[in-house]
Amino acid sequence: MFACDRRGFLKAAIGLPAGYGLATSLRGAEPARSAGLVEVDLEAQQTWMNVAGQNAYLFGFNGQVPGPIIEAHPGDHVRIRFRNSLPEMTNLHYHGLHVTPNGNGDNSFLEVGSGESLTYEFDLPMDHPGGTFWYHPHMHGSVARQVSRGLAGVFIVRGELDQIPEIADAPEAVLVLQDFDLTRGGLPVEPGLMERMAGREGDLVTVNGQVNPPIRIQRDGWIRLRILNASSSRFYRLRLEEHPLYLVAVDGGALPAPEEHEEILLTPGERIEVMVRGARPEGSYRLLSLPYSRGGMGMGMMGGMGGATSRTITLATVVYEGQAVRTWGLPQQLVGVDPLPASSVRRSFQFGQGMGMGMMGGGGMTFTINGRTFNPNRVDTRSALGSVEEWEFINPTMMDHPMHIHTNPFQVLGSDGSPIRAWKDVVLVRANSRSRVRTAFRDFTGKAMYHCHLLDHEDLGMMGVLEIQG
Ligand code: C2O
Ligand code: CU
Ligand code: CU
């Protein structure tokens, strides 16, 4: 039976941590379902594990890197029983989910002490977009360290794209991109201040905790890749040798139509879904990350400044195996979203770098938004429930900063000022440039955060508090 063959094929698609590389269910054949309960036990632990064939002393969820895939549907109630077995304080954030930021929901102000437990609980709205989301710690000051030691996992919300047969009938693989900096003995290396300012990068670049794993594809068949950049700072300029990438979804959901790309830049925190077709002669093709310069500190004598310019890396290898029993083309139309209306509420957020203005650790380097570093006890931006706003991010620095907003996704405004019809939650603001987004505060009140997703910058102060008021 086709379904069975496909299941068997999927199991082999990519080795590794529970769920990664496996399609978790067969779309299309699934009956309409009523709202359910998604219950997960997650334990953050410091433990020896095998990463890229070597022993590494990392932080993992349930002993694995990346953490287990959580999968839910719109309308589901999600309950995550979280236990912190790390030797330090931490917490969890559900990146990109449109859920309440209050109480035990996606509340990044919560703290879970070492040895303590906390149950996170929230409802996914019935109209929550389907997409690839993720979870990771958000403990201010420790985010870069905790995430770069491995704490990250994918949270899939099934949705409209999964109803489109040409997409749903393709096997699916999840690729989590993480980089680690380890000693020969497998201990994580803590970067110095200079590297933190540039944004730490590790030499060991992994996909689902492996170096260059195979991704199996059938000749004439399709595969759907969900790719998450869970690295602290590394940018991935993705290209698959001799294969165009058909982009079907970005951070928070599907595009209005597939877009063909030679390469796609994936900055920290971002996700994409791409379709790849086995349309070349049988063989092996490398999924590459090409060099990209994300800028430096602009401090003259320091020139390159840490790992800000990356080399070419082979992330994974697409290997042809077998022949598809049938083939098809992609549809002209996917999903997309209605463009948000223009708004007279406009705000601007100017980035900066400061020396010695930090309140933490007695001076040193800080990163600022509108001249200020993060203060959890201050509200920087107050927005009214029911409003639409336009936010402009102004980056006069010499480094790229990928900006992220919690709770409500946004639409990026194109160069002509009109919104791109897809939900994003990270927008790249390149060195010496600006980016504009439009967002709507439709349902949730409460406090949320916005910050640079170069996690060292977030830890060094580049974060603000938004309060949505009813
Ligand atoms: Cu992925 Cu506030 O973070
Ligand atoms: Cu987030
Ligand atoms: Cu930054």
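The chat below walks through some metal sites, salt bridges and strands of a predicted model.

Visitor: Which residues hold the copper ion called ligand 2?
Guide: In this predicted model, the copper ion (ligand 2) is coordinated by His 93 and His 404, each through its NE2 atom, at 1.9 Å.

Visitor: And where do those two histidines, His 93 and His 404, lie in the chain?
Guide: His 93 belongs to strand 5, which covers residues 93-95, while His 404 belongs to strand 24, residues 401-405, so the pair ties together parts that are 311 residues apart in sequence.

Visitor: Are His 93 and His 404 buried or exposed?
Guide: Both His 93 and His 404 are buried.

Visitor: What about the copper ion that is ligand 3, what coordinates that one?
Guide: The copper ion (ligand 3) is coordinated by His 401 through ND1, Cys 452 through SG and His 457 through ND1, at 2.0 to 2.1 Å. Along the chain, the donors of this copper ion follow the spacing H-x50-C-x4-H.

Visitor: How do strand 24 and strand 26 run, parallel or antiparallel?
Guide: Strand 24 and strand 26 run antiparallel and are joined by 4 bridges. As one example, Pro 402 has Leu 428, in strand 26, as its bridge partner.

Visitor: New topic: how many salt bridges are there in the whole structure?
Guide: A search of the whole structure finds 38 salt bridges. One of them is formed by Glu 201 and Arg 294, whose closest N and O atoms are 2.9 Å apart. This pair links distant parts of the chain, 93 residues apart, since Glu 201 sits in the loop between helix 4 (193-198) and strand 10 (204-207), and Arg 294 in the loop between strand 18 (284-290) and strand 19 (313-323).

Visitor: Are Glu 201 and Arg 294 buried or exposed?
Guide: Glu 201 counts as buried at 17% relative accessibility, and Arg 294 is buried with a relative accessible area of 1%.

Visitor: What does Arg 372 pair with?
Guide: The side chain of Arg 372 meets that of Asp 380 in a salt bridge, at 3.1 Å from N to O. Arg 372 is partly exposed, with a relative accessible area of 38%, and Asp 380 counts as partly exposed at 23% relative accessibility.

Visitor: Last one: where is Ser 142 found, and what is in contact with it?
Guide: Ser 142 is found in the loop between strand 7 (131-136) and helix 2 (143-148), and counts as buried at 13% relative accessibility. Leaving aside neighbours within four places in sequence, Ser 142 is in contact with Glu 88 and Asp 459.

How values were computed:
Residues numbered from 1 in each chain as written. Chains lettered and ligands numbered in written order. Predicted model: local features only at pLDDT ≥ 70, side-chain atom pairs only at ≥ 80, totals over all residues. Heavy atoms only, no water. Donors = N, O, S within 2.8 Å, 3.2 Å for Na, K, Ca; no water. Buried < 20%, exposed > 50% of the residue type's maximum accessible area, 1.4 Å probe, protein only. Salt bridge = Lys/Arg side-chain N within 4 Å of Asp/Glu carboxyl O. Contact = heavy atoms within 4.5 Å. Pairing = 2+ DSSP bridges.
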